[in-house]
Amino acid sequence: MEDLGLNSFWRKGDSKDVKLSSLPSMEMGEVGSYDKYIDLRYSPELFMIRRDDSGINIGVAVTISKAIEAVKECNQHGFHTEENMVYKKIADHMEKVASGFIQNSASLGGNLVMAQRNHFPSDIATVLLAVGSLVNIMNGLKSEELTMEEFLRRPELDSKSILLSVKIPDWNRLMGISSGTRMNLLFETYRAAHNP
């Protein structure tokens, strides 16, 4: 929209200073005001998407739409394994969550923190919980990996903690299934209403 000159805060071509000065002020709530802020663009681990034998790791600053693409890519090999079926169901369900605008601007981590902090009814958190996803949190210098259930049940993150990534585990590894084992798996997700 900015390319069309339709940004409601500044005009196309305005300097960075004009843009920053015209943004609406935000209440910081319990966090308070600080004289220094961190530009998340310089924390690449928050934006990473990495696939390996143990599953797919998605940084929390990744938009919901990019997370959907990443999960879909895990299923593009054309094999009809249980693992691929689970990734397909996750991606299909995530596509039904929110409008395209929200999917393109909201982050995966923001959705999960809202579910944890505000008891936001998150379809994404529910689906990730069902597949045994893990979250990585940094508390000061200490890093901890929690199950999605542990994360959602724990007290809300404070100003010294940051959610770093979400790991959707390899389904076969999670279930202890070898490649030669034949198994029928039923994994379904449902949404009451599709968002426009």
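**Note on the predicted model**

1. Of the 196 residues in the protein, 34% are buried. The model is a predicted one. The exposed surface comes to about 12,900 Å², with 55% of it supplied by carbon and sulfur atoms.

2. Eight helices and five strands make up the secondary structure. Read from the N terminus, the order of elements is α-β-β-α-α-α-α-α-β-β-α-β-α. When contacts between residues at least 6 apart in sequence are considered, 60% of them join residues at least 24 apart.

3. The five strands form an open sheet with antiparallel pairing, in the order 1-2-5-3-4. Its edges are strand 1 (49-52) and strand 4 (142-147), each of which pairs on one side only. On average, neighbouring strands of the sheet are turned by 20 degrees against each other, direction ignored.

4. Strand 1 and strand 2 (residues 55-59) run antiparallel and are joined by four bridges. R51 has I56 in strand 2 as its bridge partner. Helix 2 (residues 64-73) packs on the sheet, where it touches strand 1, strand 2 and strand 5 (161-169). The direction of helix 2 makes about 165 degrees with that of strand 2.

5. The salt bridge count is six. One of them links the side chains of D92 and K88, at 2.7 Å from N to O. Both residues belong to helix 3 (residues 82-95) and lie four residues apart, about one turn of the helix. D92 has a relative accessibility of 25% and counts as partly exposed; K88, with a relative accessible area of 42%, is also partly exposed.

6. A second pair to check is R153 and E149, whose side chains meet in a salt bridge at 3.1 Å, N to O. These two residues are four apart in helix 7, so about one helical turn separates them. R153 counts as exposed at 68% relative accessibility, because the cut-off for that class is over 50%. E149, at 40%, counts as partly exposed.

7. Which parts of the chain does the salt bridge between R117 and E156 tie together? The closest N and O atoms of this pair are 3.7 Å apart. R117 lies in helix 5 (residues 108-117), while E156 sits in the loop between helix 7 (148-153) and strand 5, so the pair ties together parts that are 39 residues apart in sequence. R117 is partly exposed, with a relative accessible area of 30%, and E156 is partly exposed at 39%.

Notes
Residues are numbered from 1 along each chain as its sequence is written. This is a predicted model: local features need pLDDT of at least 70, side-chain atom pairs count only at pLDDT 80 or more; totals for chains, interfaces and linings use all residues. Side-chain values use heavy atoms; hydrogens and water are left out. Buried means under 20% relative accessible area, exposed over 50%, partly exposed in between (1.4 Å probe, protein chains only). Contact means heavy atoms within 4.5 Å. Accessible areas come from the Shrake-Rupley method with a 1.4 Å probe; for residues, only the protein chains shown count as cover. Two strands pair if DSSP finds at least two bridges between them. Axes are lines fitted to C-alpha atoms, for helices over the stretch in contact, and angles run from 0 to 180 degrees between N-to-C directions. A salt bridge is a side-chain nitrogen of Lys or Arg within 4 Å of a carboxyl oxygen of Asp or Glu.
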